[in-house]
There are 4 protein chains.
Amino acid sequence: MSMGGLSVDVVRILTGGPGDVSGLVKLIEAGRLDPATIAAVLGKTEGNGGVNDFTREYAVTALCDALAPHLGLPPRKVEEKIAFVMSGGTEGVLSPHLTVFARTPGNGRIIAAGSKRLSVGIAQTRDFLPEELGRAAQIEETAAAVHVAMADACIDDPRDVHFVQIKCPLLTSERIEAAHERGNKTITTSAYGSMGYSRGASALGVGKALGEIGDDVHEDQVLKTWDLFSSVASTSAGIELMHNVVIVMGNSPRSASPFVIGHAVMRDSLDAAAVIDALASVGLRAADGHDPAAGSRLVNVFAKAEASPDGCVRGFRHTMLDDSDVGSTRHARAAVGGLIGGLAGTGAVYVSGGAEHQGPPGGGPVAVIARV
Amino acid sequence: MSMGGLSVDVVRILTGGPGDVSGLVKLIEAGRLDPATIAAVLGKTEGNGGVNDFTREYAVTALCDALAPHLGLPPRKVEEKIAFVMSGGTEGVLSPHLTVFARTPGNGRIIAAGSKRLSVGIAQTRDFLPEELGRAAQIEETAAAVHVAMADACIDDPRDVHFVQIKCPLLTSERIEAAHERGNKTITTSAYGSMGYSRGASALGVGKALGEIGDDVHEDQVLKTWDLFSSVASTSAGIELMHNVVIVMGNSPRSASPFVIGHAVMRDSLDAAAVIDALASVGLRAADGHDPAAGSRLVNVFAKAEASPDGCVRGFRHTMLDDSDVGSTRHARAAVGGLIGGLAGTGAVYVSGGAEHQGPPGGGPVAVIARV
Amino acid sequence: MSMGGLSVDVVRILTGGPGDVSGLVKLIEAGRLDPATIAAVLGKTEGNGGVNDFTREYAVTALCDALAPHLGLPPRKVEEKIAFVMSGGTEGVLSPHLTVFARTPGNGRIIAAGSKRLSVGIAQTRDFLPEELGRAAQIEETAAAVHVAMADACIDDPRDVHFVQIKCPLLTSERIEAAHERGNKTITTSAYGSMGYSRGASALGVGKALGEIGDDVHEDQVLKTWDLFSSVASTSAGIELMHNVVIVMGNSPRSASPFVIGHAVMRDSLDAAAVIDALASVGLRAADGHDPAAGSRLVNVFAKAEASPDGCVRGFRHTMLDDSDVGSTRHARAAVGGLIGGLAGTGAVYVSGGAEHQGPPGGGPVAVIARV
Amino acid sequence: MSMGGLSVDVVRILTGGPGDVSGLVKLIEAGRLDPATIAAVLGKTEGNGGVNDFTREYAVTALCDALAPHLGLPPRKVEEKIAFVMSGGTEGVLSPHLTVFARTPGNGRIIAAGSKRLSVGIAQTRDFLPEELGRAAQIEETAAAVHVAMADACIDDPRDVHFVQIKCPLLTSERIEAAHERGNKTITTSAYGSMGYSRGASALGVGKALGEIGDDVHEDQVLKTWDLFSSVASTSAGIELMHNVVIVMGNSPRSASPFVIGHAVMRDSLDAAAVIDALASVGLRAADGHDPAAGSRLVNVFAKAEASPDGCVRGFRHTMLDDSDVGSTRHARAAVGGLIGGLAGTGAVYVSGGAEHQGPPGGGPVAVIARV
């Protein structure tokens with residue numbers, strides 16, 4: 001980003017289905033959002049969040065179709081300009097929505113000396129081979145991309161990074177087969193299982209880039225050494241891509257945005273205190289449901305949830321990992337979504353499942369963006 | 001119950017599976033629980049909570065088998081002496097467990113003038129025909145049984161009733177067929193759908209008995225007139241019985257129990273304030289996860305959850321009712337269980353799904369039992 | 001259709017996902033399929049076939065996007081020209097695919113006196129209000145549309161109609177709410193349940209149009225009077241439309257197509273004999289897996305499947321209707337797909353779930369198209 | 001078994017639920033089945049067949065409770081005398097039932113020179129440690145147990161073995177944790193995934209015992225080298241045991257049973273020809289639904305089903321392995337159950353999921369028992 005800094009606008013848009021772009025189009029047509037400034041769109045779509053969740057690619061297709069004429073691009077080219085991360089699964093109170101991040105040049109404006117405001121930076125890795133998922137290549141390439149995205153966001157200090165959203169690939173029967181035909185073995189032959197490996201390796205890449213874990217992290221530690229984690233990584237696996245997309249969110253001294261971001265770390269799925277801390281970090285109180293003013297300052301909460309891998313939450317057995325009917329990511333999103341939704345006063349929050357190496361085992365990062 | 005009043009003991013026991021009775025047996029063998037005093041057992045089991053949730057009947061079978069020798073009864077007779085209510089579904093952080101209520105004569109002991117303590121009373125209706133479920137007969141018989149259970153609990157004032165747990169039947173293909181062969185139509189031909197009708201009619205029976213709704217409630221209002229509800233009813237449908245079992249929980253001036261109960265009403269699935277109020281009603285603060293003393297006083301939280309029938313929670317669209325993969329009761333238990341678990345600091349809470357006419361639409365009662 | 005008759009071409013195209021149009025585009029670009037002649041596309045997509053199966057609308061969106069430039073139309077206009085019917089659910093061996101029907105003028109060609117060949121005709125009803133679904137309006141409008149489609153297909157004799165595919169709407173929370181706001185009650189408040197009513201009423205419309213059931217069919221008989229049915233109706237409910245699309249398939253003396261169609265009626269889900277009869281009606285033997293020639297003549301099998309509403313198949317209890325984890329339509333498609341797939345030697349067959357009033361209770365129509 | 005040979009009786013009993021033992025009790029009370037002769041019970045129960053399928057242990061509990069008084073044993077001791085194998089999952093047309101095998105001394109009776117009749121033999125391995133599942137210990141111990149069971153069945157020639165049913169353990173979060181505490185790693189940390197490893201290693205043990213694969217089979221080949229398989233192994237994983245139970249079924253020259261068994265191998269899920277061959281091997285024709293005599297001779301069909309690991313059935317893509325809502329074993333049972341049910345004319349057949357190393361990849365053994 002240029003020397004003159006930047007400004008970041010962010011808006012949450014409710015959707016009526018994975019193909020619903022009407023809210024976004026309305027904002028553009030009303031002149032309230034310049035499509036040329038859109039840098040990233042994070043969405044929650046109402047699929048199962050699993051391997052066969054086609055709502056993610058459907059939503060991206062619909063967004064590209066809708067934005068293409070406004071950008072003067074063919075639909076396929078829109079994805080090269082804007083980072084789309086759709087996280088499937090709106091269990092329980094979670095409500096499907098989009099969060100749109102727009103960036104404009106800051107023109108050298110300074111909010112105030114020492115003041116830091118919301119900034120967003122984006123980068124991508126190269127395409128991975130199926131056999132590279134969950135392994136060193138994915139860790140290394142991701143770490144490098146995080147640095148590129150920080151620079152893009154005008155953020156120098158890793159402590160100013162509050163959320164790193166990554167979209168990463170998963171394995172399908174076809175991709176596994178393709179690797180086998182090349183004589184290579186993928187890290188797992190389970191499509192559902194591969195989502196965890198891809199998320200985990202990507203998160204370790206973030207931790208390495210931000211100095212949260214040592215430089216010597218090894219691919220054998222993916223989904224094994226649970227005390228290695230990033231406190232701000234949030235990674236989602238999807239069938240629709242073969243590379244990692246990295247979106248760094250933080251506060252930059254060179255941003256003139258009217259928004260700020262903060263975060264805390266949930267140490268388990270019951271950690272109400274961390275959610276309250278995250279809200280407090282941007283000046284919000286936990287919703288008592290009677291505070292519309294606070295409600296209007298909140299833009300969104302971004303969090304990761306997972307079933308604790310040891311089968312217990314705070315000493316009590318959970319059954320999420322042994323349920324052959326409903327995947328554990330669905331369980332975890334529903335539960336953590338219920339807690340965050342209750343404390344934030346809204347179900348239109350971004351809670352994503354599968355928090356391998358994203359926060360401590362069974363826990364995860366929780367970030368909040370609010371209007372100053 | 002006798003003139004001399006009563007005392008009620010209550011203990012929560014974690015389980016390792018629906019057939020696990022080891023914790024209960026251990027308490028009995030250690031002399032810490034007299035099996036002859038057990039009046040009721042409420043359990044959360046790890047099934048789907050739906051029509052084909054056999055964990056409920058399996059748990060009851062295992063409990064009867066385990067208690068029979070201690071009571072000198074054949075297993076089948078145990079159910080006549082003890083009220084068992086197993087609620088299927090431990091989604092998200094919810095942890096399978098049993099809550100055992102034991103009653104002993106009070107021997108005229110008085111705690112203190114004006115002091116009221118936990119009491120429990122039990123009653124049953126006659127068996128229903130399949131075609132009576134969800135209709136007037138179920139409402140009327142339930143209302144009558146609530147009065148019998150209140151007397152059994154030495155509770156005169158409806159305001160001292162804080163939770164009325166009911167186990168009620170559901171329809172199966174066979175039962176529907178049986179009704180058809182008698183020339184009668186059941187209220188629905190969907191087994192899953194019948195669970196809602198049975199729960200709803202039972203809840204209206206509670207509301208009628210406690211004066212929360214008028215005497216003129218009509219069967220056509222079941223699952224239709226959503227502003228008719230009881231604030232303390234909690235009804236669960238199960239395949240294993242054809243009558244209603246009614247368990248009234250409240251505070252009685254004639255109880256010498258070391259426990260008290262209180263409640264609040266969640267107005268929707270996000271109502272953190274109501275959960276905090278319910279905890280406060282028995283002198284507990286919302287868990288900050290660092291308060292072991294408070295934790296040790298909490299016995300359990302009892303709540304009902306449901307997907308708001310209008311498809312929205314506090315103005316935000318939810319997708320629970322349109323999910324053909326995961327039933328809406330599973331979604332609702334997971335979300336509300338996440339919120340209550342986070343605020344109570346434990347997932348071993350009794351959150352049951354399907355809150356038709358139990359609290360306002362989309363909401364439900366939340367009761368807390370604590371040691372004084 | 002014109003006096004000069006018509007010819008119908010039909011091709012089955014395998015897909016790699018609900019958004020995969022590459023096979024279709026390849027045929028067009030190779031000059032083997034004139035996009036301007038495409039009249040209808042029937043597809044099996046890999047969603048759950050339930051309320052929240054967005055793969056259907058995603059597939060239609062992708063097809064419209066792909067065909068638009070070839071037709072010189074904006075994507076939205078493609079649906080007005082071509083009838084798309086996507087049936088969700090490829091359980092078990094079922095393989096996602098499209099069947100494309102193309103129509104060209106026959107130019108007065110006659111195959112042979114008395115010879116009848118494959119023909120296809122299309123019609124649509126007006127949009128329905130949510131409260132009209134499953135009721136008289138849907139029956140009547142559908143019956144009228146079947147007559148229009150028969151004329152379009154140059155078929156006069158109802159006995160020459162072998163399959164009538166209909167796409168019909170379903171209710172969602174929003175649509176139910178909209179009806180309520182108008183002061184009207186929808187036939188059910190269950191989104192999943194509404195799919196059955198809509199399919200059932202549409203099938204009775206077909207039966208009425210073809211004289212299979214009396215003119216006096218009444219809306220109270222929908223999902224009640226199971227001995228009223230059409231032997232050739234196949235109806236699928238989808239969230240993406242509010243009107244019925246009717247596709248009549250049969251043999252016409254004025255068709256010059258190189259294909260023929262025949263059908264039989266499965267009387268239950270185990271009816272292997274009916275599948276064999278349907279194959280025989282177009283000159284094919286049940287696959288022994290070693291008959292590539294026969295295989296190459298087969299274009300596709302079209303069938304409807306359902307869980308027998310009385311809970312039994314040929315006297316043996318089934319558990320499809322009592323399964324709260326997997327919907328009964330998924331069960332039925334998987335089982336009947338397994339039987340038809342085994343006898344046809346391929347899983348790329350069109351087996352659709354929910355056969356209310358489509359064939360006898362628990363059974364359904366099975367049609368086969370083959371090259372002459 | 002004694003020198004005098006043996007006789008085997010076999011009866012199929014329909015059930016109304018996993019805890020329903022009424023049919024069995026009725027046979028015993030009517031004097032038509034001597035409980036002391038019961039050697040094995042194979043059942044299909046209506047759970048999900050996955051990790052949290054408690055219908056299996058519930059059914060075994062109910063059977064032990066019911067048989068205990070008839071055998072003069074405490075319920076826990078019944079399992080030491082009788083081999084119970086409950087296979088969860090009655091998808092599609094599959095109908096819950098029990099198959100009871102009873103053995104009596106043959107008293108030296110000879111049916112006819114050269115004639116071989118149904119025989120059954122049983123053996124058990126020692127308990128395994130969690131970390132032994134899916135590895136060499138499970139292969140070796142199983143192979144040894146197969147030889148013991150063959151001797152028990154008076155079968156010398158491996159070609160006379162037509163079905164080897166094995167019940168084997170699976171991993172749970174607790175068992176994985178226990179291994180970790182011992183410093184050992186289990187073969188997988190996924191409970192669902194462990195079922196496949198346990199089934200696969202057990203099947204390789206059968207193949208080794210019967211000479212179908214070489215003696216040098218190595219644990220690294222489990223779930224890897226798919227062309228190693230047994231054509232008669234059928235293995236089911238369940239949460240309720242930690243050892244393997246082995247039931248060998250075949251024809252013995254020393255059996256005086258009125259029944260015979262035969263088998264064929266399905267090479268994929270569409271292999272109707274193999275099902276027809278298996279029926280023919282005991283003198284039955286594929287059901288045309290009009291042949292009650294043939295129907296009365298059929299006792300049961302025993303088969304294994306699985307989703308082809310390469311993602312294709314006979315060249316057509318299937319979606320079973322990429323479905324995050326419904327496990328692939330449920331899909332495969334439903335599809336193959338539909339095919340076998342249609343050809344056998346009944347859904348009360350024993351089709352079990354997860355055919356790793358049981359038949360060729362994507363295929364599986366299919367055995368038929370019929371009255372001579």
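This is a predicted model: local features need pLDDT of at least 70, side-chain atom pairs count only at pLDDT 80 or more; totals for chains, interfaces and linings use all residues.

**Notes on chain D and its neighbours**

1. In chain D, strand β2 (residues 38–45) runs parallel to β3(D), and six bridges join the two.

2. Now to the contact with chain C. Chain D contributes 44 residues to it and chain C contributes 44 residues. About 3200 Å² is buried between chain D and chain C, with carbon and sulfur atoms giving 57% of that area. On the chain D side, the residues that lose the most area to chain C are D:Leu270, D:Phe316 and D:Arg317, which together make up 21% of what that side buries.

3. Which polar features join chain D and chain C? The rule finds 12 residue pairs in polar contact across this interface (both at pLDDT 80 or more), and the count of salt bridges is four. One salt bridge links D:Glu46 to C:Arg317, where the closest N and O atoms are 2.9 Å apart.

4. Which elements of chain D supply the side that touches chain C? At least two residues each come from β1, α7 (272–281), β12 (316–317) and α9 (328–344) of chain D. The largest share, nine residues, is from α9(D). By class, this side of chain D has 16 nonpolar, 18 polar and 10 charged residues.

5. The contact with chain B involves nine residues of chain D and nine residues of chain B. The area buried between chain D and chain B is about 950 Å², and carbon and sulfur atoms account for 58% of it.

6. How many salt bridges are counted between chain D and chain B? The count is zero, although four charged residues lie on the side of chain D that touches chain B, alongside three nonpolar and two polar ones. Two residue pairs are in polar contact across the interface of chain D and chain B (both at pLDDT 80 or more).

How values were computed:
Residues are numbered from 1 along each chain as its sequence is written. Chains are lettered from A and ligands numbered from 1 in the order in which they are written. Side-chain values use heavy atoms; hydrogens and water are left out. Two strands pair if DSSP finds at least two bridges between them. Helices (H or I, at least four residues) and strands (E, at least two) are DSSP runs, numbered from the N terminus. Contact means heavy atoms within 4.5 Å. Buried area is the accessible area (1.4 Å probe) that two parts lose on being put together, summed over both. A salt bridge is a side-chain nitrogen of Lys or Arg within 4 Å of a carboxyl oxygen of Asp or Glu. A polar contact is a pair of N or O atoms within 3.5 Å; within protein, one must be able to donate a hydrogen and the other to accept it, and residues adjacent in sequence count only if both atoms are side-chain atoms. Ala, Val, Leu, Ile, Met, Phe, Trp, Tyr, Cys and Pro count as nonpolar, Asp, Glu, Lys and Arg as charged, and the others, Gly among them, as polar.
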